[in-house]
Amino acid sequence: MNSTLTSLARALAAREISATELATDYLARIDALNPALNAFITVDVAKTLAEARVADAARAAGTAGLLTGVPIAYKDIFCQQGWRTSCGSKMLDNFVSPYDANVIERCRTAGLVTLGRTNMDEFAMGSSNENSFYGAVKNPWDLAAIPGGSSGGSAAAVAARLAPVALGTDTGGSIRQPASHCGITGIKPTYGVVSRFGMVAYASSLDQGGPMAQTAEDCAQLLNVIAGFDERDSTSLERAAEDYTRELGQPLTGLRVGLPREYFADGLSSDVARVIESAVAELRKLGAEVVEVSLPNTELSIPAYYVIAPAEASSNLSRYDGVRYGHRAAEYGDLADMYEKTRAEGFGSEVKRRIMVGTYVLSHGYYDAYYLKAQKIRRLIAGDFQAAFAQCDVILGPVAPTAAFNLGEKSNDPVEMYLSDIYTLSVNLAGLPAMSVPAGFADNGRPVGLQIIGNYFAEAKMLNVAHQFQQATDWHQKAPVL
Ligand code: GLN
């Protein structure tokens with residue numbers, strides 16, 4: 001169960017294990033541990049085993065690819081044909097997708113076997129996974145702690161070894177922050193590298209799917225599967241295919257690592273700072289040179305993001321009207337009443353809050369003061385990063401100001417919750433790639449991730465920085481005792 005995707009692929013190729021045996025083992029572990037963790041919303045044994053049999057047949061016929069038969073878990077935000085795709089919401093509790101998201105299609109073609117659909121904050125809005133219609137996910141390291149959000153189910157599943165790898169999405173940190181809190185590796189690619197087709201839209205100019213795994217090497221392998229141009233996503237980038245494993249193994253000698261002054265200022269807890277400082281020291285031993293850089297508009301990322309993301313969400317979520325699909329109120333008067341009752345019943349309170357904020361900032365008389373202003377700040381933030389990357393190859397810092405907090409600790413204070421996103425939001429506003437890599441533990445024993453931010457299309461380089469760190473350390477091999 002501690003095997004990586006890379007080693008499972010090897011074992012499958014060597015016929016040491018079959019896809020069916022592997023799927024059966026993981027399903028048994030999910031059956032035993034999921035009731036306590038709530039990492040999965042949907043598990044369908046028959047469907048999983050059918051996919052595993054297809055993978056075994058491909059192995060037998062000699063038509064298998066590198067990853068054929070490797071199990072994977074999908075955040076419940078990716079449309080998958082024949083599977084309920086709830087997005088963590090009552091609104092889509094009854095929605096069975098008639099088609100595959102582009103990334104699911106790619107994984108299916110690669111022969112990966114679906115273990116199930118992972119829990120998440122409703123419509124990916126949240127930082128703690130407490131906003132799910134299906135209940136909170138528990139952190140496998142400490143059942144009293146949040147796993148992080150919004151891809152908390154995927155992070156908890158990989159950390160608890162209920163799946164070797166998973167997919168998540170990151171609009172403002174939702175791959176990196178739960179990866180950090182659960183002690184796994186996750187990467188949010190450059191905006192436009194992974195297709196958003198079939199990914200339930202939250203904030204379209206920020207949303208990006210990506211891999212979550214034990215190691216950087218596994219993330220690179222999975223990114224090779226899911227990245228690539230898709231004409232059905234208008235912001236998908238038309239670029240030549242890349243091998244994201246190509247830099248793995250390069251020495252880090254001479255790598256210039258930037259530490260943003262603003263990321264190590266007030267607000268960062270001392271135990272997280274200690275972990276990040278020792279990770280930087282480790283990279284220095286591996287040959288990296290450290291320079292101080294500045295990202296002066298970091299503080300403004302929170303107000304800018306929490307204007308832009310709700311604005312886009314209020315537009316995207318207007319499609320849930322009770323007419324076409326999803327929940328519809330059972331009793332209503334006229335059409336307007338049907339809309340109102342459907343949306344009042346179908347959405348949770350955080351989603352309603354975002355729709356109200358978004359509608360407000362886009363309305364006549366407030367558009368210039370809020371939305372347009374936020375877009376200008378967004379440009380300044382992107383500019384800050386370009387100035388920093390003139391001095392360094394990658395930027396390092398914390399993912400979150402503290403290790404995972406307790407369930408319930410911030411759930412009644414939305415602003416407090418938003419503030420915990422301080423180190424992740426800027427990356428999405430700028431469209432940059434970034435990852436979280438296990439780097440140690442906080443004073444309370446909960447995992448802490450190191451954030452690596454790269455310039456546009458620097459995924460292969462960042463993955464190697466993480467890989468070299470993982471060759472020299474064993475934080476990524478630590479697993480919770482369950
Ligand atoms: N915490 C942020 C939000 O609630 C980011 C979520 C995400 O990346 N999906 O919007």
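The following legends describe close-up views of a predicted model.

**View 1**

**View 1. Strand β4 and its two neighbours.**
Strand β4 (residues 165-169) is largely enclosed by the rest of the structure, because 5 of its 5 residues are buried. Val-165, Leu-167 and Thr-169 point one way from the strand, while Ala-166 and Gly-168 point the other way, and all are buried. Strand β2 (residues 71-75) runs parallel to β4 and is joined to β4 by 2 bridges, whereas strand β6 (residues 209-213) pairs with β4 in the antiparallel sense over 5 bridges. Ala-166 takes part in both pairings, being the bridge partner in β4 of Ala-73 and having Met-212 as its bridge partner in β6.

**View 2. Helix α4 and its cover.**
In helix α4 (residues 102-109), the buried residues are Asn-102, Val-103, Ile-104 and Cys-107. Just after α4, Gly-111 takes a positive phi of about 90°.

**View 3. Helix α9 packed against helix α12.**
Two packed helices are described by the angle between their axes and the distance between the axes. For helix α9 (residues 301-316) and helix α12 (residues 367-389), the angle is about 125° and the axes lie 9 Å apart. That angle makes α9 oblique to α12, and α9 passes α12 in a left-handed crossing. On the α9 side the contact is made by Ser-301, Ala-304, Val-307, Ile-308, Ala-311 and Glu-312, which meet Tyr-370, Tyr-371, Ala-374, Gln-375, Ile-377, Arg-378 and Ile-381 in α12. The residues of this contact of α9 with α12 divide into 9 nonpolar, 2 polar and 2 charged.

**View 4. Helix α9 packed against helix α11.**
Helix α9 also packs with helix α11 (residues 349-361), at an angle of about 100° and with their axes 7 Å apart. That angle makes α9 roughly perpendicular to α11. Here Tyr-306, Val-307, Pro-310, Ala-311 and Ser-314 in α9 meet Arg-354, Ile-355, Val-357, Gly-358, Thr-359 and Val-361 in α11, and the residues of this contact divide into 7 nonpolar, 3 polar and 1 charged. Val-307 and Ala-311 of α9 are listed in the contact with α11 and also in the contact with α12.

Met-120 is placed in the loop between β3 and α5 (152-159), and at 0% relative accessibility Met-120 counts as buried. Leaving aside residues up to four places away in sequence, Met-120 touches Ile-41, Lys-75, Asp-76, Ile-77, Cys-87, Gly-88, Asn-129, Ser-132 and Ser-150. Met-120 and Leu-206, which are 86 residues apart in sequence, are 17 Å apart in space from C-alpha to C-alpha.

**View 5. Ser-127 and its contacts.**
Ser-127 likewise has its place in the loop between β3 and α5, and with 2% relative accessibility Ser-127 counts as buried. When residues up to four places away in sequence are not counted, Ser-127 touches Asp-121, Ile-146, Gly-148, Gly-149, Gln-177, Tyr-306, Phe-405, Met-417, Ser-420 and Asp-421. One of these, Tyr-306, is also among the α9 residues that meet α11. The C-alpha atoms of Ser-127 and Gly-152, which are 25 residues apart along the chain, are separated by 8.6 Å.

How values were computed
Residues numbered from 1 in each chain as written. Predicted model: local features only at pLDDT ≥ 70, side-chain atom pairs only at ≥ 80, totals over all residues. Heavy atoms only, no water. Axes fitted to C-alpha atoms, helices over the stretch in contact; angles between N-to-C directions. Helix = DSSP H or I, 4+ residues; strand = E, 2+ residues; numbered from the N terminus. Parallel < 35°, antiparallel > 145°, perpendicular 65-115°, else oblique. Left-handed = near helix turned anticlockwise from the far one by under 90°. Contact = heavy atoms within 4.5 Å. Nonpolar A, V, L, I, M, F, W, Y, C, P; charged D, E, K, R; others polar. Buried < 20%, exposed > 50% of the residue type's maximum accessible area, 1.4 Å probe, protein only. Pairing = 2+ DSSP bridges.
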